[in-house]
Amino acid sequence: MPSPDTNRRLTPAVLNQDVDAFNGYRTIVGYSTKRFNATPEALQQAYQSMLAQQQAETEKLALYRAASDAARLAEWEFHNAVLAMKEVVKGQFGSDSNEAQSVGLKKKSDRKRPTRQKVAPIAS
């Protein structure tokens, strides 16, 4: 039998079946085995470990989401502050100044003037 791919998560359906089987096994009177990983103690330990790790994952996901939200809001605050600074530079020094160019704005004089296109006569 090939070893299972432990890099992928088990589906909720498989986990639910496993929990149902675990709960069902506890109703069996006289269950005993020599397989270490199938002993009642090992099963209980594995079940408790799974629940603890799932709880830790849920808590860390909540912390991750909160940190992600805080970082996203900080990015937007920084972006809006930079946009406000650019407007102040444009208002204080003018849109054709070297100062405006130094904050990433294009000088007004560097912009290409629109040219009128000649209309080609319609050939008949």
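## Helix H2

Which residues of H2 are buried? They are Ala42, Tyr47 and Val89. Bear in mind that this is a predicted model. The buried residues of H2 pack against H1 and H3.

As for its dimensions, H2 covers residues 40-93, 54 residues in total. From its first C-alpha to its last it reaches 78 Å, which is close to the 80 Å expected at 1.5 Å a residue. Just after H2 comes Gly94, with a positive phi of about 95°.

Is Met50 buried, partly exposed or exposed? Its relative accessible area is 25%, and because buried means under 20% and exposed over 50%, Met50 ends up as partly exposed. Setting aside neighbours within four places in sequence, Met50 is in contact with Leu15 and Val19. Both of those numbers fall inside the 12-25 range of helix H1.

## The aromatic rings

How many aromatic pairs does a search of the whole structure find? It turns up three. One of the pairs is Phe22 with Tyr25: their ring centres sit 5.7 Å apart and their planes meet at 35°, so this pair is tilted.

Zooming out a bit, ring pairs link Phe22, Tyr25, Tyr31 and Tyr47 into a cluster. Tyr47 has come up already, as one of the buried residues of H2.

## Lys107, past helix H3

Now for the segment after helix H3 (98-102), which is where Lys107 lies. Is this lysine, Lys107, buried or exposed? Its relative accessible area is 16%, and since the cut-off for buried is under 20%, Lys107 counts as buried.

What does Lys107 touch, not counting residues up to four places away in sequence? The list is Ser95, Asp96, Ser97, Asn98 and Gln101. With Asn98 there is also a polar contact: the two side chains are joined at 2.6 Å.

Technical notes
Residues are numbered from 1 along each chain as its sequence is written. This is a predicted model: local features need pLDDT of at least 70, side-chain atom pairs count only at pLDDT 80 or more; totals for chains, interfaces and linings use all residues. Side-chain values use heavy atoms; hydrogens and water are left out. Helices (H or I, at least four residues) and strands (E, at least two) are DSSP runs, numbered from the N terminus. Buried means under 20% relative accessible area, exposed over 50%, partly exposed in between (1.4 Å probe, protein chains only). A polar contact is a pair of N or O atoms within 3.5 Å; within protein, one must be able to donate a hydrogen and the other to accept it, and residues adjacent in sequence count only if both atoms are side-chain atoms. Contact means heavy atoms within 4.5 Å. Rings of Phe, Tyr and Trp (its six-membered ring) pair if their centres lie within 6.5 Å; planes under 30 degrees apart count as stacked, over 60 as edge-to-face and the rest as tilted. The expected span of a helix is 1.5 Å times one less than its number of residues.
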